[in-house]
Amino acid sequence: MTPHTSPFCHSPIRATLFTPPALPPRSACDMPPEITGDPSMADYAFPHRHLLGIEGLNRLDIETLLELGDKYVELNRQRVKHAGTLNGQTLVNLFFENSTRTQGSFEIAGRRLGADVVTMPIATSSVKKGETLIDTAMTLNAMRPDLLVIRHPSSGAVKLLSRKVDCAVINAGDGTHEHPTQALLDALTIRRRVGDIGGLKIAICGDILHSRVARSNVACLNILGAEVRLIAPRTLTPPGAADWGAKIFTDMRAGLKGCDVVMMLRLQQERMDGAYLPSAREYFHFWGLDEEKLSHAKPTAFVMHPGPMNRGVEIESGIADHKTRSLITEQVEMGVAVRMAVLETLAKNAPEIGLATGTATATATGTATGTTTGTTTGPGIGVKTR
């Protein structure tokens, strides 16, 4: 039976107060000459001081983090899950938005690497007394943390803060802009189940307009060679989405045809300032994932969701809990491993910290300088320090 047409399928796109810049598609031709071909990852020096987004990374940057994350998956499945890579270093989590999975996994990742982990309680912090983001950054910087993980409701806030501190900064989600570690963990989840991501057809479905996960995933999956499709009602499709390097669909069944992976997104009603949808029931009828819609994808297609899920709105419970097709709990597991890889890699790029064979010396003014030599390793892959 041919499904009837939604009464709001052709409604105009709503304007938002802020539209983050589109992420351009990446390809092998965008990569520096020295990293094309088949170089050894063990000899590759990860060049970035911070992880603010997928934008700015090349394929080898991503593959380096995924390879190290893959090793940490195996470590995390052992009875003893401790690696002393970050012994003596301090990780600060600064979350201006609620979080369960991301904040919890960064805390676990830091502790498993041996770091001293501090999660700042924003609800009872000086932010509630009127302290600005810049003042907060300067206060934290004076405490000399080594790694700072930040989630903030404003796009661009994490990049601004990274300019005010001396430590490595990791973006745990900024507004509707980016969420790079989510994209990396999604890529690792897919790669461990399917193998090479190149050539896969991957659909991202739902609230694309407000999704930082969608933006980071489109960029990451394009770099890794996947064919990315975005499926959403017109009211939840961002202006300029066609320039991201993905195919745009408003019809769920047409967009899912032949897909290898179906990635659902949460309806972010807390970011919606108007009537984007008539009702949750209407949304599920046209864009919620059920058995009938999923049948248009490949019979072996996997289902993903970054969480938290709204069951019966974005996804049917039977699909979310499917024992063989759902990768949702695996995504959570991969999140810890990927964040361990990111923390270790950025810590090694800190010039002021002595690691492994390095030393730290204090000057008369109270500053510290560190030197590192050779290559330090995680549980099976080396990332050369700079």
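Reply: Here is a walk that begins with confidence, goes on to the strand and ends at the pocket.

This is a predicted model, in which local features need pLDDT of at least 70 and side-chain atom pairs count only at pLDDT 80 or more, while totals for chains, interfaces and linings use all residues. Residues are numbered from 1 along each chain as its sequence is written, and side-chain values use heavy atoms, without hydrogens or water.

The protein chain has a mean pLDDT (the predictor's confidence in each residue, from 0 to 100) of 82, and 75% of its residues reach 70 or more. Where pLDDT is low, the predicted coordinates should not be read in detail.

Now for our strand, β8, which spans residues 261-264. (Strands are DSSP runs of E with at least two residues, helices are runs of H or I with at least four, and both are numbered from the N terminus.) Val-261 and Met-263 sit on one side of β8, Val-262 and Met-264 on the other, and all four are buried, leaving both faces covered. Buried here means under 20% relative accessible area, with a 1.4 Å probe and protein chains only.

β8 also has strand partners (two strands pair if DSSP finds at least two bridges between them). Strand β5, residues 201-205, runs parallel to β8 and is joined to it by four bridges; in one of these pairings, Met-263 of β8 is the partner of Ile-204.

Moving on, the largest pocket holds about 590 Å³ of space. (A pocket is an open set of points on a 1 Å grid over the protein atoms alone, where a 1.4 Å probe fits and protein lies on both sides within 12 Å along at least five of seven lines; lining residues have an atom within 4 Å of a point.) Of its 32 lining residues, Arg-151, Arg-266, Pro-306, Gly-307 and Pro-308 are the closest to the centre. Helix α11 gives the most to this lining, with six residues.

Definitions and conventions
Buried means under 20% relative accessible area, exposed over 50%, partly exposed in between (1.4 Å probe, protein chains only). Grid points are joined across faces, edges and corners, and a volume is the space filled by probe spheres set on the points.
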